[in-house]
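Hello,

Here is the structure I promised to pass on. Please have a look at it first, and then read my notes below.

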Amino acid sequence: LNASTHFFDIVAKSHSVVLLGGTMKPMNDFVQQLLPTVGADRISTLSVDHVISDDNILPLTLSEGPTGQVFDFRHETRGSDKTVDELGRTV
């Protein structure tokens, strides 16, 4: 499950790699796991505050979808047609 082995070819064949996402701190973890062969002098980071105001965010936790199917995102079931369909209906 070493991500760097899969990411190595991408890094080796690229002029530059941009990683974007939310909650990527601490960045050291990503650098160590995905870019172990890249020198620290070649890595630039940019971190900004939230761009969406707090009053526009509504975090919810759902245990089941609109048809009542219980969400089960374990590795064995997360790709099943039932799970994907129920997630689609929810979104």
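**What I found**

Among contacts in the protein (heavy atoms within 4.5 Å) between residues at least 6 apart in sequence, 27% join residues at least 24 apart.

Please keep in mind that this is a predicted model, where local features need pLDDT of at least 70, side-chain atom pairs count only at pLDDT 80 or more, and totals for chains, interfaces and linings use all residues. Residues are numbered from 1 along each chain as its sequence is written, and side-chain values use heavy atoms, with hydrogens and water left out.

The protein has three helices and zero strands, where helices are DSSP runs of H or I with at least four residues and strands are runs of E with at least two, numbered from the N terminus. The radius of gyration, taken over C-alpha atoms, is 18 Å, well over the 12 Å that the globule rule (2.2 Å times the number of residues to the power 0.38) gives for 91 residues, so the protein is more spread out than a compact globule. Along the principal axes, the C-alpha atoms fill a box of roughly 50 × 35 × 20 Å.

Buried residues (under 20% relative accessible area, with a 1.4 Å probe and protein chains only) make up 12% of the 91 residues. Ser 4 is buried, because its relative accessible area is 14%. Ser 4 sits in helix 1, residues 3-13, and, leaving aside neighbours within four places in sequence, Ser 4 is in contact with Gln 33 and Pro 36.

Best wishes

Methods:
Buried means under 20% relative accessible area, exposed over 50%, partly exposed in between (1.4 Å probe, protein chains only).
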